[in-house]
Amino acid sequence: SQDPRQTICMAREEFIQKMTETVGWGTEEEFGELFDKVDVARDGFVDWDKLISFVLLSLYEREERTKATVVPQWKDLEFLPGKHKDTIQKVVYLKNSSRYLTISKEGLLGIWGENLKLQESLPITSDATKLKHLWVTSLVSLENVNKIAVAFTSKEICFYDLLSKEEFPCQYKLQGLRGTPICMDYWHNPLDPKESILSFGDITGKVQAIVFTAAMISLFERPANACDDEEATMTIDWAELLSGCHKCCHILQHTLHRGDWVRQVTYNASLDAFISSTTSSTNTVVLAWREKSKKLLKMTSFNIAQGIHAFDYHSRLNLIATAGIDNKVCLWNPYVLSKPVGVLWGHSASVIAVQFFAERKQLFSFSRDKILRLWDIQHQLSIQRIACSFPKSQDFRCLFQFDETHGRLFISFNNQLALLAMKNEASKRVKSHAKGVTCVLYNSLLKQ
């Protein structure tokens, strides 16, 4: 228009004709559809403002949708009311019964429904006098056999049955370990339920694993002189297992961490290796590969300056992420020992936990100053930063667990359990009403 104050309006036919001429591609039907979308009020004409508003709105909605698929949106951090008096050591999700288990240092087991309401909490051993001088260090779920294993500072690992009518009775008690087990991991073969591995690390730097070959029948063999009572606890001595007199399992072990506490251990089937870590700067992460015979281990190790607090492995990306005490998150290829393939900078305090968001190929990291970051691994960029509103305290124990199937992130602060839940992405649509629409009227005179 020659006069800037004058607005040009176009009717449908003119709009279609002018657009086809000016743009030079696209069919008349498509421009007709575009006109109908822009002319929401059905005035029979469009102007520049209407067209631009429509374009901006659709671009904005598209960006919001893309952002939602890349960066998760979270509900507010909420503290779950529990009964733990001491540090929470582990959170485990039981797929078979859709429940969560939490266990704290003093031996209290919390059982939570899928809706995260506390159903009950009970002491893990009936012998209350023992628990006064005993700490629970770790808990794992033996999913394929419906049991849980709990490690104690008394150098014992106890196996409890989840299917019993009673409160979880202790089925096996493994005694006589040389060092106190402080971290555990359990793997079972999804294709062959008989095959499973319980690995654990202790305070002397030993990594040990029990390889079960008949897990569905029995984890350990019953001694000939054992009583017939099914509910009675069977005691097994570690020396017996080492000597190989139990035919249904055998032991693998290595001592490459010599004298350093093994902070984390896991067995990965795609590597067929045990990964373990310490806070020491020599042999920080050790990979123990199983040889052809499956009875021997071949060791390779990473030396990471100042050591690490934790690690996680992503089998599809073939990357180990390490939570560095020197504020860095490093990404390693398990076969390249010399240097990391990526370094993620951004934390201003030592990183205490890392976990992959496997489906989206992203990585969570949590640091000592209670900052949570989410990283895009491909571009090695921080795409989200959340400051967690935890109580002011320098000295705290933290546990970090992401339950990917439910989009729930658990962070414990000493004896309190906090939850960050992902919002459902469907809520990105533009809404005109806060509640459900119950009635619509049309005014033909005003065309509204």
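**A loop residue and a cavity**

Reader: Where is Ile124 placed?

Author: This is a predicted model, where local features need pLDDT of at least 70, side-chain atom pairs need 80 or more, and totals for chains, interfaces and linings use all residues. Numbering starts from 1 along each chain as its sequence is written, and side-chain values use heavy atoms, without hydrogens or water. Helices (H or I, at least four residues) and strands (E, at least two) are DSSP runs counted from the N terminus. Ile124 falls in the loop between strand E7 (118-123) and helix H4 (128-132).

Reader: Is Ile124 buried or exposed?

Author: Its relative accessibility is 4%. The cut-offs are under 20% for buried, over 50% for exposed and partly exposed in between, using a 1.4 Å probe and protein chains only. So Ile124 counts as buried.

Reader: How far apart in space are Ile124 and Cys170?

Author: Along the sequence, 46 residues separate Ile124 from Cys170. From C-alpha to C-alpha, the gap is 9.0 Å.

Reader: Which strands each supply at least two residues to the lining of the second largest cavity?

Author: The whole structure has 2 cavities of 30 Å³ or more. Around the second largest cavity, the lining includes Val207, Gln208, Leu252 and His254. The strands are E14 (207-212) and E16 (249-254).

Reader: And what volume does the second largest cavity have?

Author: Volume here is the space filled by probe spheres set on the points, joined across faces, edges and corners. For the second largest cavity, that comes to about 30 Å³.

Methods. 1 Å grid on protein atoms, 1.4 Å probe; cavity = no way out; pocket = protein on both sides within 12 Å on 5 of 7 lines; lining within 4 Å.
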